[in-house]
Every structure is written in structure tokens, then in C-alpha cells.
Amino acid sequence: MRWTQTFIPTLKESPADAEILSHKLLLRAGLVRKLTGGLYTFLPMGLRALRKIEKIVREEMDRAGGIEVLMPALQPPEIWQQSGRYETARDVLFKVRDSAKREWVLGPTHEEVITHLAANEINTYRQLPKNFYQIQTKFRDEIRPRFGLMRAKEFIMKDAYSFDTTDEGAMASYKKMYDAYTRIFARCGLQAFPVEADTGVIGGNHSHEFVVPAETGEDNVAFCEACGYAANIEKATSGLPKTAARDVGPEIEKFATPGVVTIEALSKEPYKVAANRQIKTLVYIADGKPVLILIRGDDQLNEAKFKARSGAVEARPADVKSEADLAHFQKLGAMPGSLGAVKNVPSDWKVYADERLRGANDMTTGANEDGFHFRSVSMERDVKVTDWFDLRTVNVGEPCPKCAKSLKIRRAIEVGHVFKLGTKYSEKMGALFVDEGGKQHPAVMGCYGIGVTRTLQAVIEQSNDKDGIVWPVSVAPYTVCLTPLAVAPESPVMQLAEKIYAELTAKGIDVILDDRDERPGFKFKDSELVGFPLRLAIGEKSLAKGEVEIKPRAGQILAVKAEDAVAKLLELIEAGTPKV
RNA sequence: CGGAGCGUAGCUCAGCCUGGUAGAGCACUUGCUUUGGGAGCAAGACGUCGCAGGUUCAAAUCCUGUCGCUCCGACCA
């Protein structure tokens, strides 16, 4: 390709609406342009990089036994009602109406469609296992699209769905995808690693995210450098001990705490109740019903864990400013700051307590009477707990749950997610097969996603320098930028450039010939901004010595004999391609 | 949905407080010079100042509303 024949609108300055580096570089290097918030046009350089990622994904999915299909983005709402997600995922569902006023859904994901297909087409164990995948555009009504391609209303995803006859089979399918993902990200030149993850609304019981460490990421990941434990903060646990039991204290005792409504105030004079001897009582509205959540005073509730453990689809703190919620507090008899679960808890309210409180005694908590607390509270004796869950958020420095060394936390970008789904969808949508004995069972499913457009941006986020993008060879829009410093067709410089261009093209190398009649510095800056892994500069000065210059994007200039240039480039390309 | 900020040339921004005929740099067009790290000079073209009301002799500027964008939070497969 000749530079003048394609379209690479580079920018010297960053557009004002880009905040993070990778977003700025996407725009500055002319990879994408914004249509409106969360919607982008891919320009030639962005599209080529995207296609290269897709090719890697496709090759690895095929190698892992995936079967490529293409499902409709426009879907009937009925299948979403059947799976139950018409309600649970309603916030992200784009809905449209046709001319007959009938409603349709723009697919945010495809469990419903593929399970519908499986229900119709898979009948016998002889047809299993199967793993279908596609690379396709998804639509999600994100409340707040962010950071360019990182969180967009419309994006490209590789999604795969496995169907197995048994749990063990499903785990084997899961493992295959896990391994394929490891290879895919490695081949994309990305430092990505798997972390244990929450399954969220999608359901299921076993899940890993593949994340790329980056300060601009939206996920927090807890990890242990000693043993390799890594988990999303929504899932992570630590090896902290439970609250130490003390000698069984006397009966609970009410005491006056006028004006004291915070853990901190109660920990000071004259009360001096350490935060780790307090029970924090939160009123939450879970799927419309009030519940109490108890965690230790020095811990923070992890809402994701609460939803995952309790099965609640929606959960939010009750708000005293809302009249409906205020009634709940009145029922308990106190406002936040004096709440507790010892007395006055309506019998139909569920009470969830964090595991760390199990067995705790000699605790202090609100008396459900403004201005009063109870002391000498025993969880066992005085509180009726519906369910015990791990509900607290892990903090930096806590002991690793596996090896007890210190945990670290860092931000990361989620680029892939693998789930073992079980039979949630196959049961609801009738994806059944008959076994050897003629008995019917729901297929055991898994689903596996890679955010292809997000992966593209993650590569840029992780691979850049002050001059621009530094593409890994495997996903660069062009591998070699051929830069003749004179472009008149009859000049020796341009004639040599044309010759090398033809030779590299014949070898199957993606090469772009910068045939613009621009000054050298301008062309160098542009090629570095776009980030081609290798640049071959041909100028009169060096050519007088029979030499040309190879500049690896992240390395030093190499002067090589003109006749050796192609061989040297091929060698560098080979050396720069990740071996998986 | 709550909070904050911003909408002026293709891009980055100034002008707004204190109302008086719309600016700079980059990019673009033409010419000359320059030619190994985002060139110089000259000439030129490019705007319903997001939109709609209002106040005023007069509005980019003040007021009201509205739309859009960005960030923080909430939410998030």
C-alpha cells in the first residue's frame, strides 16, 4: 500500500475529548474517529490492526476445536423472556421497534440465540461436545461509555459457547478455551493474565477473567506474587482470621450513645469500642425487599459479592431521603448509625452476615433506638442470621488465602472472560440431549468472550512511548514502513524503494510505502506516531555509501547494505513475532 | 440518575468577568525558498460563536431553557 493511496489522518495534537493515552493515540494515529459518544468509525489503520487480532483469535479458536458461525444482532425479545434476562439485563438491552410496532432487541451477547439453536439442532450425546463461536458486533446500552473503545455502546466481540454432556466434559471445554485465550493474548503481544472472577448476571459457577494490568483499567485485581493467586476484587478473599472469640460475656447491655452515628465516633472517648469489635448494620433493598447486611466495623461491604452470594439481581443501599425506604428504617426503629440486628428485626427480613463475624462475641452494635447501642453482643446468641456469606472487600496487604503472603491490588483492563455456565440456559430454553440409555438431560454449557475492539485498545495502552504507538509485529496495521526521502519516480532513492517494496510484498510482508512528498522529519514523526514496528529509510546520503537504514520502532537505527535490507527485515520480523 | 467541567474555523485554544462589526497557532489553497527529525516567507480561503427563547439601541459575552461531549460517582455481561 502507498501512503498517498490510503487514509491516515494523523493529528499533531490530541482531541480534547480523549482522556487516556490509548484513546488519544487511537485518534492521533488516525485509527478511529468518533461518530458520537461510544460509537466509532474504524479507519484503515485501525481496521487493519483489528483484522489482525481477529485473525489470531480465529486461528486459535479453530485450533481449539471451535466452530465458527454468525448469529443475528437483531433478536426477538421472546428468547430473552425465556431465559429471564429480558428483566435481569434490561438496563443494557437496546430495544427497537419495526414498522408494525413490534419490539426487537439488539444483542448484547448471544447465549439465548445459541441455546435456541442447540435446543433445535442438538438431540443426542453423539452430537456433543460442540463449541460454537462468532466474531460479531454487540450492542450494550452502557450508562456511561468511556475511554474510546474501552467501553462503547457498539463493539466487536468474539463469543463462544460450548455444549457438553457432563460436568467433566464442560470443564475440559473450559480448559481448552482458557488455554486458547492464553495463547491469543500472548500472540497479540499482550501481557494478559487470568484472574478468578465473579459470574455476575450471566450466571454460572466458575469463571476467569483475562486482564491486562493498566492504571486506566476499570477493574481492580487482588494478586499474590508469591503463589500466583489472582482474583477480581469482586471475588477475591483473603486469609484473615475470623473475629477472635472472647470469654462468653454477660447478657447484652444497652447503653446511651447520644449523637454517635459512625463507627469512628464510637471508637473514640468515652466509648472506646475498637472498630473491629463493632458490627456494621446496613439496610439494603435487594430485588425490592429490605434486608440487613452485617459486617465488621472495620470492613467494607462488597456489593458484587453480596449480589453473587444472595442471588439478588438488584441491590442498593436504602436511602433515608426516599419515603418508601424511610419506612423501612422506621420499622426497625432507628436511623442509620443506630441500627442493629439484635432486636426489632421484622420476621420476614433476611439478615446476611459476613463470615468474619461468625462466632464473634463481645461485640457492639446499634440498638435500633436512636442514641443507643448494645454491648456484649454475641452473634450466635443474640442475632438471627439467615445466611453467612463472604461479603467483605479485600484490602492491600492482607494475607493471601492460599499462601498467606501479602496481597497486592492493582487496576486492570478486562479483555476476556470465560464462564462455566452449567445448565442455566439449557434448562430454561430446552437445550436437551438424550444419553446412551435414552434419557434426557440439559446440555452443560460454557461461554467465552473476548472484547476484540477493547483488546486493540489494550494493546495500545500497554505498548507506546512518547512518540506514539509501538505495535507488536503480530497486530501492526503494516509491519514495515518504507520511507524514501525522495519520491520523484526517476530518483535512485525511489527506484530502490519500489524494488524493495515489490520484494517485501512478494514475501507476504505487509508494507506501506510512504510516497508522500514531505520532509524527512515529518515522515519519521508520522510513522512513529502510527507505530509501524520497522521502518526502512532510504536517503541519498546513505545510499551514496550503498546503505539504507532500518529503524525498529523501539530500537536503534541499523545501517545495512541496500542489498541486505530485505533479508535483515525478514530476520527482524521473525524475531519480533511471539512464539506460542 | 447525582456531582463537576466544556461546546467559538478541520484540530488545539484565546475572547466572555466589564455587551459595541469574531481572533491566534496548526491544518488547508497558491507562489517562492527549503529538503535526514513535525520548515520559512508571502498571499488566500475557511464561522448561522451547539440550539431555542429572553433582556438590550446592540449579545460569542448577561438571563432562562434545551441538546451534545468529557470526567468523577452510581451501574456494568
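Here is a short tour of one buried residue and of the surface around an RNA strand.

The model is predicted, so local features need pLDDT of at least 70 and side-chain atom pairs pLDDT 80 or more, while totals for chains, interfaces and linings use all residues. Residues count from 1 along each chain, chains are lettered from A and ligands numbered from 1 as written, and side-chain values use heavy atoms, without hydrogens and water.

**Stop one: Asp 164**

Select Asp 164, in strand 8 (residues 154–164); strands are DSSP runs of E, at least two residues, and helices of H or I, at least four, numbered from the N terminus. Asp 164 is buried (under 20% relative accessible area, 1.4 Å probe, protein chains only). Now show Ser 173: its side chain makes a polar contact of 2.5 Å with that of Asp 164 (N or O atoms within 3.5 Å, and within protein one able to donate a hydrogen and the other to accept it; residues adjacent in sequence count only if both atoms are side-chain atoms).

**Stop two: RNA strand B**

Next, pick RNA strand B and the 41 residues that surround it (a heavy atom within 4 Å).

Zoom in on the bases: polar side-chain atoms lie 2.5 Å from a base oxygen for Arg 151, 2.9 Å for Arg 535 and 2.8 Å for Ser 542. Elements giving two or more residues to this surface include strand 1 (32–36) and helix 8 (303–310). Finish on helix 14, which gives the largest share, eight residues.

Note on methods. Buried means under 20% relative accessible area, exposed over 50%, partly exposed in between (1.4 Å probe, protein chains only). Lys and Arg count as positive and Asp and Glu as negative; His and the chain ends are not counted. A salt bridge is a side-chain nitrogen of Lys or Arg within 4 Å of a carboxyl oxygen of Asp or Glu.
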